[in-house]
There are 2 protein chains.
Amino acid sequence: MPPDQSSATFSALADPTGRAILARLASGETSVTELAKPFDMTMPAISKHLKVLERAGLISRGREAQWRPCRLEAGPLKDVSDWVEYYRRFWEQLARRISGESCGVTTWRNQ
Amino acid sequence: MPPDQSSATFSALADPTGRAILARLASGETSVTELAKPFDMTMPAISKHLKVLERAGLISRGREAQWRPCRLEAGPLKDVSDWVEYYRRFWEQLARRISGESCGVTTWRNQ
DNA sequence: ATTGTATTTTACCAAGTACTTAATTAACCG
DNA sequence: CGGTTAATTAAGTACTTGGTAAAATACAAT
């Protein structure tokens, strides 16, 4: 019943707030309040977003006095990169099709 | 209120069934019943998954007699690839850190 | 016209999401 | 200690998701 790693990652990335938080963390570790500032949202809401990102392994949280600095963890992003890489041939084939090359026909019904 | 393109794409990919359907379509266009076979799920359920994938632009559907052949559309996957590419430096930096190089310290609090 | 096959739509339900406000924990500082 | 700041937990609400069964639609074949 626990969602697999890929699902957790994609699910976390499906939220614009989550992606914005990651983008912010790309420029360095920071606190929760700092992360919350750009958003018109209460702290608990941000806290929940962070929990989702953490469960997906996309961030980690430290402890420094009363602050919980968040850090970007890129492992799952590499997995996403690897996953999507498999489909590269399809968009590259599309690029070739646009520039005028022949395209294969798929005979899906004559099994 | 309509979710942006990236969110729709990631959201569709967050579902293992959706990803499995895409994987199947990578080996060629096929009908809905054919797509449904590997899953322990009713047709309407598959139909809904296809609608999600279609709204995300990840598949397109044709019309051939009573069949609605589905085809993989890789455009949004290229967008995912482009998006994740920005974070490449983080997992590569991680690889370097593991192989014993020095790592920069982030001073997040001394704003 | 009737029957069969492929697919979608509708209506419904249980579980999950995405917020809110209010209360709580934890640590610092006078 | 008591007050402030940082962050989480709890409880509640509105909305969305992911599935079902049953009916409807669309076309093909007889």
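This is a predicted model: local features need pLDDT of at least 70, side-chain atom pairs count only at pLDDT 80 or more; totals for chains, interfaces and linings use all residues.
**Figure 1. The side of chain A that touches chain B.**

**Figure 2. The relation between chain A and chain B.** Chain A is superposed on chain B by a rotation of 180° with 0.0 Å of shift along its axis, and the RMSD is 0.0 Å. The two copies are therefore related as by a two-fold rotation axis. The same surface serves both copies, since 100% of the contact residues of chain A recur in chain B.

**Figure 3. The surface near DNA strand D.** DNA strand D is surrounded by 20 residues, and the closest of them are A:Ser31, A:Thr33, A:Pro44, A:Ser47 and B:Ala45. The elements that contribute two or more residues to this surface are α3 (32–36) and α4 (43–55) of chain A, together with α4 (43–55) of chain B. By class, the surface near DNA strand D holds 9 nonpolar, 8 polar and 3 charged residues.

**Figure 4. The surface near DNA strand C.** Around DNA strand C there are 20 residues, of which the closest are A:Thr42, A:Ala45, B:Ser31, B:Thr33 and B:Pro44. At least two residues of this surface come from each of α4 of chain A, α3 (32–36) of chain B and α4 of chain B, and α4(B) gives the most, with 4 residues. The surface near DNA strand C divides by class into 9 nonpolar, 7 polar and 4 charged residues.

**Figure 5. The largest nonpolar core and the surroundings of A:Ile59.** In soluble globular proteins, nonpolar side chains tend to be buried together. The largest nonpolar core here has 40 residues, and those with the most contacts inside this core are A:Leu53, A:Ile59, B:Leu53 and B:Ile59. When neighbours within four places in sequence are left aside, A:Ile59 is in contact with A:Leu25, A:Leu50, A:Leu53, A:Glu54, A:Cys70, A:Arg71, A:Leu72 and A:Glu73.

Technical notes:
Residues are numbered from 1 along each chain as its sequence is written. Chains are lettered from A and ligands numbered from 1 in the order in which they are written. A residue is near a molecule or strand if its C-beta atom, placed from the backbone, lies within 6 Å of it. Ala, Val, Leu, Ile, Met, Phe, Trp, Tyr, Cys and Pro count as nonpolar, Asp, Glu, Lys and Arg as charged, and the others, Gly among them, as polar. Copies are superposed by least squares on the C-alpha atoms of residues with pLDDT of at least 70 in both. Two residues are in contact if their C-beta atoms, placed from the backbone, lie within 7 Å. A nonpolar core is a set of buried Ala, Val, Leu, Ile, Met, Phe, Trp, Tyr and Cys residues joined through C-beta atoms within 7 Å. A residue is buried if 20 or more other C-beta atoms lie within 10 Å of its own, exposed if 12 or fewer, and partly exposed in between; C-beta atoms are placed from the backbone.
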